[in-house]
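Trainee: I have a new model to read. Can you walk me through it, feature by feature?

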Amino acid sequence: MKMYHVDAFTDELFKGNPADVCFLDQFPEDSLMQAIATENRLSETAFAVQKSANEYDLRWFTPGGEINLCGHATLATGYLVFKYRQPGSKVVKFATQSGELTVEEVNGRYRMNFPSYQLKEVPVTDQMTQVFGVKPLAAYQDRDLLCILPTAADVKNCQPSQKALSELPGLLQNITAKSDDQKYDCVSRSFAPKLAVEEDPVCGSAHCQIVPYWAQKLGKKNITAFQASQRTGVLYCEDLGARVSMAGDAVLYSNGELNVQ
């Protein structure tokens, strides 16, 4: 089985969010895909089956189970299609649990079109304040929990315990604040202890919720987002109403063969 290792949402090796991508003739047993993801110990391992020239079925597995939407591993898969499988192609479509997702190569970056998450406001709880070390200004719930913190420093300096995070609602727990750097509109971090991922270095799916929030708050459609994990990464986003456009860079780290059946 061929597997590629790509750093997504960055143009530098060892930054952004690493994803492993396997191209297959057909999906193997779920247990094997889960075992590979668990062995890889990255936020996500993607499995892609080609259906036509520029159409693939795509699934994503975390060390803690399959997930229904993933940004960085989709970007990584699109990057690999354009660079190695169909050179010269500019658009690829992926059939996923979250519907059809597209990746386009635009001016050297890889632009994705994803469904937006709803901004369903929920009460800020004492538990949220305790976990994040500061009282959130607001909280929102869809698949994931999104907490708005007062300052960028609060986001960058946050050191939540994994156990406490896992007791909060949402599949992932995301925090964001207005950026203190004029190059960016917002800063964020993403945690996923329920999926056996302590911190997702650059989370595309989180921005299906973060981008609509900041588009409303700042009164602008185009949002440049900085993810303040240790690896860091940048997402160039646009609020499209029911959809979110996210673009970023990618770089190949390695490729090889897996010794599995």
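Trainee: Is asparagine 107 buried or exposed?

Mentor: Asparagine 107 is exposed, because its relative accessible area of 77% is over the 50% cut-off. Keep in mind that this is a predicted model.

Trainee: Where in the chain is asparagine 107 found?

Mentor: Look in the loop between strand E7 (99-106) and strand E8 (109-115).

Trainee: What should I check about backbone angles?

Mentor: Most residues other than glycine have a negative phi. Now the case here. Asparagine 107 is not a glycine, yet its phi is positive, about 55°. Phenylalanine 9 is not a glycine either, and its phi is positive at about 60°.

Trainee: Which loop holds phenylalanine 9?

Mentor: The loop between strand E1 (2-8) and E2.

Trainee: And is phenylalanine 9 buried or exposed?

Mentor: Phenylalanine 9 counts as buried, because its relative accessibility is 2% and the cut-off for buried is under 20%. Asparagine 107, by contrast, is exposed.

Trainee: How do I read pockets?

Mentor: Rolling a probe the size of a water molecule over the atoms shows where empty space is left. In this structure, the largest pocket has a volume of about 290 Å³. Its lining has 13 residues. Arg41, Leu42, Ser43, Val197 and Glu198 lie nearest the centre of the largest pocket. Two elements give two or more residues to this lining: strand E2 (17-24) and strand E14 (197-200).

Trainee: Which element gives the most to the lining of the largest pocket?

Mentor: E14 does, with three residues. Then sort the lining by class. The largest pocket has six nonpolar, three polar and four charged residues in its lining.

Trainee: What volume does the second largest pocket have?

Mentor: About 220 Å³. The second largest pocket is lined by 14 residues, and Phe9, Thr10, Asp11, Glu12 and Val234 are the closest to its centre. By class, the lining of the second largest pocket has five nonpolar, five polar and four charged residues.

Trainee: How do I read a helix?

Mentor: An α-helix has 3.6 residues a turn, so residues three or four places apart point the same way. Take helix H6 (residues 207-218), with twelve residues. From first C-alpha to last, H6 reaches 15 Å, close to the 16 Å expected at 1.5 Å a residue.

Trainee: How many of the twelve residues of H6 are buried?

Mentor: Nine, which leaves H6 mostly covered. The buried ones are His207, Cys208, Gln209, Ile210, Val211, Pro212, Tyr213, Trp214 and Ala215.

Trainee: What follows H6?

Mentor: Glycine 219, with a positive phi near 65°.

Trainee: Now step back. How many helices and strands does the protein have?

Mentor: Six helices and 18 strands. The radius of gyration is 17 Å, close to the 18 Å that the globule rule gives for 261 residues, so the protein is as compact as a globular protein of that length. Along the principal axes, the C-alpha atoms fill a box of roughly 50 × 35 × 30 Å.

Trainee: What share of the 261 residues count as buried?

Mentor: The share is 56%. Look at contacts too. Among those with a separation of 6 or more, 61% are between residues 24 or more positions apart.

How values were computed: Residues numbered from 1 in each chain as written. Predicted model: local features only at pLDDT ≥ 70, side-chain atom pairs only at ≥ 80, totals over all residues. Heavy atoms only, no water. 1 Å grid on protein atoms, 1.4 Å probe; cavity = no way out; pocket = protein on both sides within 12 Å on 5 of 7 lines; lining within 4 Å. Points joined across faces, edges and corners; volume = space filled by probe spheres on them. Helix = DSSP H or I, 4+ residues; strand = E, 2+ residues; numbered from the N terminus. Nonpolar A, V, L, I, M, F, W, Y, C, P; charged D, E, K, R; others polar. Expected span 1.5 Å × (residues − 1). Buried < 20%, exposed > 50% of the residue type's maximum accessible area, 1.4 Å probe, protein only. Rg over C-alpha atoms; globule rule 2.2 N^0.38 Å. Contact = heavy atoms within 4.5 Å.
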